[in-house]
Amino acid sequence: MKLKNKLIAGFVLGAIVASFSVTAKTKSEDSSITSVPKKFNPNKVLTVEDKKFVELREAAKANEAAKAASLAKQLGSYELKDYVTYFQIKPQLFDKSNQAMAGTSADSSVQEFLKQYEGTAIADRLRNDWLLVLGRRQDWKSFDREYPLFQLDDDTQVKCYALHSRMAKGEDVKAIGADAKKTLLDPRYFGDACAELVSNLHKDGGLSKHEFLAIRRNALENNLETLARKMGGDDPIADIVKSARVNPLEALRDFDKKKWRTGQENSAAAWGVIGQFLAKKLDPSAITVYRLQHDAGHHELLSPESQEWKVRTALRVGDWKLVKESIEYMSPVIRARDPAWTYWYGRAQKELGDESLSKETMQALIEQFNFYGQLAREDLGMKIYVPHKVVPDESLIKKVASQKDFYRAVRFYEMGLRFEGNREWNWALRGLTDQQLIATAEYAKRIGLYDRAVNTADRTKQEHNFSLRYPTPYKEALSPIAQSIGLDANWAYGLIRQESRFIMGAKSHVGASGLMQVMPATAKYVAKKIGMNNFKPSKLDDMNTNLTLGSNYLNMVLQDLDGSWALASAAYNAGPGRPKMWREKLPRSVEGAIFAETIPFNETRGYVKNVLANANYYSALATNKSPSLKGRLGTVSPKASILSELP
């Protein structure tokens with residue numbers, strides 16, 4: 001709760017799967033590693049070597065090369081040899097500001113490592129690092145040799161270097177510019193490689209002046225002024241963008257006085273930026289500004305955020321024509337990345353009288369097990385359902401238990417190194433069939449790694465097991481608590497699944513703890529209200545205490561917000577004052593789905609949709625009935641905000 005970061009990342013199956021080996025065997029596999037332990041132990045006491053390994057990892061993370069080298073020497077016989085070596089090499093490639101160093105002398109060490117551990121998760125991680133170094137050097141021959149081997153290919157800077165390489169080879173800059181526009185959507189991940197790419201493409205004609213300025217402007221919208229400066233250029237509406245980010249109403253007044261000085265393209269872009277920041281403040285003038293932009297055209301120059309908030313603003317006021325046209329003008333990449341836009345496009349078609357096209361649009365969503373997949377089924381008169389349960393194959397589960405990949409993941413989890421654990425676990429899942437994924441999820445559940453069970457079961461495409469996607473651990477503790485206060489346990493489970501993924505010791509960067517991610521101040525307040533006189537913040541790590549305080553707080557915000565699950569879910573994440581303010585600013589009564597979609601905080605918006613979709617599936621599993629998501633969402637009407645004493 002309270003806007004914390006959430007913890008929240010090919011096999012052919014014959015009659016019987018003959019082999020379950022996922023990654024290539026390496027020359028250095030340690031024969032002492034045998035199988036996954038029978039039970040995950042989050043409280044395992046670390047050995048002296050384990051502690052040194054964790055210290056080595058932190059030194060590598062901080063790029064302290066000398067310290068990392070010293071610690072690595074002390075871990076010569078440690079079982080995770082590849083990671084010890086990686087943590088020694090990595091700080092030789094990056095400086096203290098985490099910038100790749102073109103002048104590193106670690107070339108031979110990198111090549112030896114990649115050869116020795118080819119096919120492993122950590123080799124792919126080092127290849128990612130190495131590609132950044134090669135790109136920084138502009139060693140395109142070596143870069144082009146390594147890039148096709150980078151399997152995850154999830155680094156925006158590496159993608160930008162790949163486009164640099166294509167430019168160096170003299171490929172068509174227009175084609176490169178078109179690909180760049182699909183890649184350069186989120187400036188938070190650009191780095192120097194992408195800034196230089198944008199500048200070079202503009203100079204060489206791969207991006208028009210206005211396309212270049214649109215990308216640069218996106219950086220300014222995200223308060224990345226240094227990055228924008230690195231791209232170069234002179235944006236005539238840069239001051240408007242900066243002003244809108246801080247005070248959009250003032251920016252609107254200023255632009256009204258000087259818009260005659262700018263061309264239509266710049267005016268359209270300015271309206272889009274101002275509209276976005278007005279919309280995020282739920283200011284009623286946002287719709288007027290967006291309509292000005294719509295009339296001016298040049299929709300392709302709007303940032304992803306401006307394009308999306310244009311649709312949300314139209315939804316708030318019920319302008320279905322603007323909803324439909326705004327989605328049609330969206331970049332195809334932005335439109336395709338979120339099922340929201342398919343759903344709202346179908347709804348707009350329906351509201352504008354085209355039932356046939358609406359049904360056709362909605363059909364694309366009905367097999368998606370998410371918030372908008374559920375809504376689409378209801379719109380089409382179909383029931384929300386739980387797919388046929390595929391029972392895990394015991395022979396496949398035994399094969400999982402013998403996999404070194406999963407052993408390594410569990411070792412990392414027991415050392416508190418969840419990032420490395422997830423990397424190893426997810427790497428081992430690549431290419432698995434649905435039945436293999438279900439078997440792996442079942443094994444994760446049996447050893448107590450419920451978050452991995454959920455993550456793994458969520459990946460199935462055709463065959464499913466929703467008992468693994470939506471598990472109910474700790475039921476003997478949660479059920480009586482929920483029953484005693486009249487709280488729907490399915491909703492509580494939907495919230496826990498989103499909050500902590502059932503990780504008992506989950507901690508957020510702002511201090512929230514446990515299964516229900518309770519903040520210490522909130523816990524203290526709730527404990528006093530319910531008469532838990534012996535409460536101490538350290539008790540938040542206790543399962544029963546955490547569930548008791550979290551459930552009671554959820555029930556308190558539900559009562560405080562008139563029984564609305566949508567508002568109460570938002571309150572659990574963002575605090576009770578914010579959804580009251582958002583409700584007060586509504587221009588009209590809206591269906592709960594529109595309220596959820598127009599929540600101004602990205603995290604809370606996704607949170608509410610996920611929690612309610614989760615709760616619906618938990619309800620379906622518990623009752624064997626088809627629940628209504630629209631019924632749970634209800635209608636949200638404007639109401640004057642009354643201060644609450646709830647934290």
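1. Setting aside residues up to four places away in sequence, Glu597 touches Arg312, Leu315, Ala340, Trp341, Trp344, Tyr372, Arg605 and Lys609, where contact means heavy atoms within 4.5 Å. Glu597 itself belongs to helix α34 (residues 592-597), helices being DSSP runs of H or I with at least four residues, numbered from the N terminus. With a relative accessible area of 0%, Glu597 is buried; the classes used here are buried for under 20% relative accessible area, exposed for over 50%, and partly exposed in between, with a 1.4 Å probe and protein chains only.

2. A note on the basis of these values: this is a predicted model, in which local features need pLDDT of at least 70 and side-chain atom pairs count only at pLDDT 80 or more, whereas totals for chains, interfaces and linings use all residues. Residues are numbered from 1 along each chain as its sequence is written, and side-chain values use heavy atoms, with hydrogens and water left out.

3. The side chain of Glu597 makes a polar contact with the side chain of Arg312 at 2.8 Å, and another with the side chain of Lys609, also listed at 2.8 Å. A polar contact is a pair of N or O atoms within 3.5 Å; within protein, one must be able to donate a hydrogen and the other to accept it, and residues adjacent in sequence count only if both atoms are side-chain atoms.

4. The model holds 46 salt bridges, each defined as a side-chain nitrogen of Lys or Arg within 4 Å of a carboxyl oxygen of Asp or Glu. One of them joins the side chains of Glu420 and Arg57, at 3.0 Å from N to O. Because Glu420 lies in helix α24 (residues 418-429) and Arg57 in helix α1 (residues 48-61), this pair ties together parts that are 363 residues apart in sequence. Glu420 counts as buried at 4% relative accessibility, and Arg57 likewise counts as buried at 15%.

5. A further salt bridge is formed by the side chains of Asp107 and Arg137, at 2.8 Å from N to O. Asp107 sits in helix α4 (residues 107-116) and Arg137 in helix α5 (residues 121-137), 30 residues apart. Asp107 is partly exposed at 27%, as is Arg137 at 26%.

6. In the salt bridge between Glu225 and Lys242, the closest N and O atoms are 3.8 Å apart. Glu225 is in helix α11 (residues 225-231) and Lys242 in helix α12 (residues 238-246), so that the pair ties together parts 17 residues apart in sequence.

7. Finally, Glu118, Arg127, Arg145 and Glu146 are linked in a network of salt bridges.

Methods:
Helix = DSSP H or I, 4+ residues; strand = E, 2+ residues; numbered from the N terminus.
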